[in-house]
Amino acid sequence: MTQHPPRSVLLASPRSFCAGVERAIEIVERLLDQRGGPVYVRKQIVHNVHVVRGLEARGAVFVEELSEVPPGATVVFSAHGVSPAVRAEAVERSLDVLDATCPLVAKVHAEARRFADRGDTIVLIGHAGHEEVEGTLGEAPERMVLVETVADVEALEVTGPVSYLTQTTLAVDETAEVVAALERKFPHVRGPGSDDICYATTNRQIAIREVAAQSDLVLVVGSKNSSNSVRMVELAARTGTPAHLVDDASEIDPAWLAGVSAVGLSAGASAPPELVDEVVATLRALGAVSVSTHTTATETISFTLPPAVRGAG
Ligand code: SF4
């Protein structure tokens with residue numbers, strides 16, 4: 001009988017939770033510990049079905065709009081941020097707000113206000129309908145225009161000063177092409193002081209690209225509505241390696257593994273690390289594996305909690 005060498009599993013690092021996601025989840029957990037349920041959360045706190053279900057089980061109530069929150073109740077704004085109109089509505093309804101907006105999303109909002117104040121038309125590069133994009137557009141709706149592609153840029157009709165901002169979780173390579181198109185069309189276009197695509201998105205893309213190049217199959221753990229997870233799958237696929245997004249190990253189709261000797265594995269910034277462990281266990285159950293980690297960056301960043309939940313927990 002021929003003895004096959006163990007299948008190798010290449011773990012991309014960094015992967016899984018970023019500082020903004022950890023902070024957002026901790027805000028809800030600490031509120032639940034301090035005040036008990038229900039704690040209302042506007043939209044999914046982060047885009048991950050397992051995180052949402054886990055917090056629901058502890059007493060969090062996820063709502064789409066503030067109109068679903070009883071007057072005077074505590075509500076958490078999700079990591080993706082909200083528009084000023086939503087903040088105003090919370091004041092009007094006398095809600096007790098805890099803001100879990102990632103500081104790196106808040107940075108983009110601040111830039112939007114600054115660019116709008118100086119009279120620019122702001123081109124926001126991002127995906128229509130994404131909660132972060134809706135929040136950022138809300139900072140200066142009359143001064144902002146949304147583009148997703150180079151073709152969108154070419155179709156723009158704008159006069160006067162132009163600047164651009166981006167969603168935090170875009171593909172670095174694709175965004176560079178859109179920015180280059182903007183610079184061709186508007187030679188005086190001004191961008192943000194530092195990249196809006198966040199460190200976590202960038203690091204996870206660099207790591208998965210390197211791992212994908214050495215793999216026959218890539219698995220990314222994350223939910224379908226997680227922008228950074230979807231971008232990682234697309235990026236891996238662009239290297240020529242088949243890639244799948246799975247919410248957890250149960251979504252792995254054993255047929256994907258036929259003839260595969262190296263599996264690249266990562267997780268989006270909103271996916272809990274234990275889900276990756278479960279994927280490794282499932283791969284092991286399907287045949288011997290040797291697991292190694294491919295590290296392209298070390299992350300040490302963390303964000304402070306809002307004062308209302310600091311000090312306890
Ligand atoms: S992916 Fe980036 S912008 Fe989004 S929560 Fe994490 S650190 Fe913040």
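Reader: Which residue is the bridge partner of serine 8 in strand 11?
Author: Alanine 262 is the partner of serine 8. Bear in mind that this is a predicted model. The two strands involved, strand 1 (residues 7–13) and strand 11 (residues 262–267), run parallel and share four bridges.

Reader: And what's the strand order in that open sheet?
Author: The order is 10-9-11-1-12, five strands with parallel pairing. Strand 10 (243–246) and strand 12 (289–295) sit at the edges, each pairing on one side only. From one strand to the next the twist averages 25°.

Reader: Which strands does helix 9 touch?
Author: Helix 9 (residues 227–238) packs on the sheet and touches strand 9 (217–221), strand 10 and strand 11. Its direction makes about 165° with that of strand 10.

Reader: Switching to strand 8: how many of its residues are buried?
Author: Five of the five residues of strand 8 (residues 162–166) are buried, so the rest of the structure largely encloses this strand.

Reader: Which ones sit on which side?
Author: Val162, Tyr164 and Thr166 are on one side, with Ser163 and Leu165 on the other, and both faces are covered.

Reader: What does strand 6 do with strand 8?
Author: Strand 6 (residues 121–125) pairs with strand 8 in the parallel sense over five bridges. In one of these pairings, threonine 121 has valine 162 as its bridge partner.

Reader: OK, ligand time. Which residues surround the ligand?
Author: Among them are Cys18, Cys102, Cys198, Thr168, Thr169 and Tyr199. Helix 1 (19–35) and helix 4 (103–117) are the elements that give two or more residues to that shell. The space the ligand takes is the largest cavity.

Reader: What about serine 16, buried or exposed?
Author: Serine 16 has 3% relative accessibility, so it counts as buried. Serine 16 also has a positive phi, near 65°, and is found in the loop between strand 1 and helix 1.

Reader: And what's phi for lysine 43?
Author: Near 70°, again positive in a residue other than glycine. Lysine 43 is buried, with a relative accessible area of 10%.

Methods. Residues numbered from 1 in each chain as written. Predicted model: local features only at pLDDT ≥ 70, side-chain atom pairs only at ≥ 80, totals over all residues. Heavy atoms only, no water. Pairing = 2+ DSSP bridges. Axes fitted to C-alpha atoms, helices over the stretch in contact; angles between N-to-C directions. Contact = heavy atoms within 4.5 Å. Buried < 20%, exposed > 50% of the residue type's maximum accessible area, 1.4 Å probe, protein only. Near = heavy atom within 4 Å. 1 Å grid on protein atoms, 1.4 Å probe; cavity = no way out; pocket = protein on both sides within 12 Å on 5 of 7 lines; lining within 4 Å. Sits in = over half its atoms within 2 Å of the grid points.
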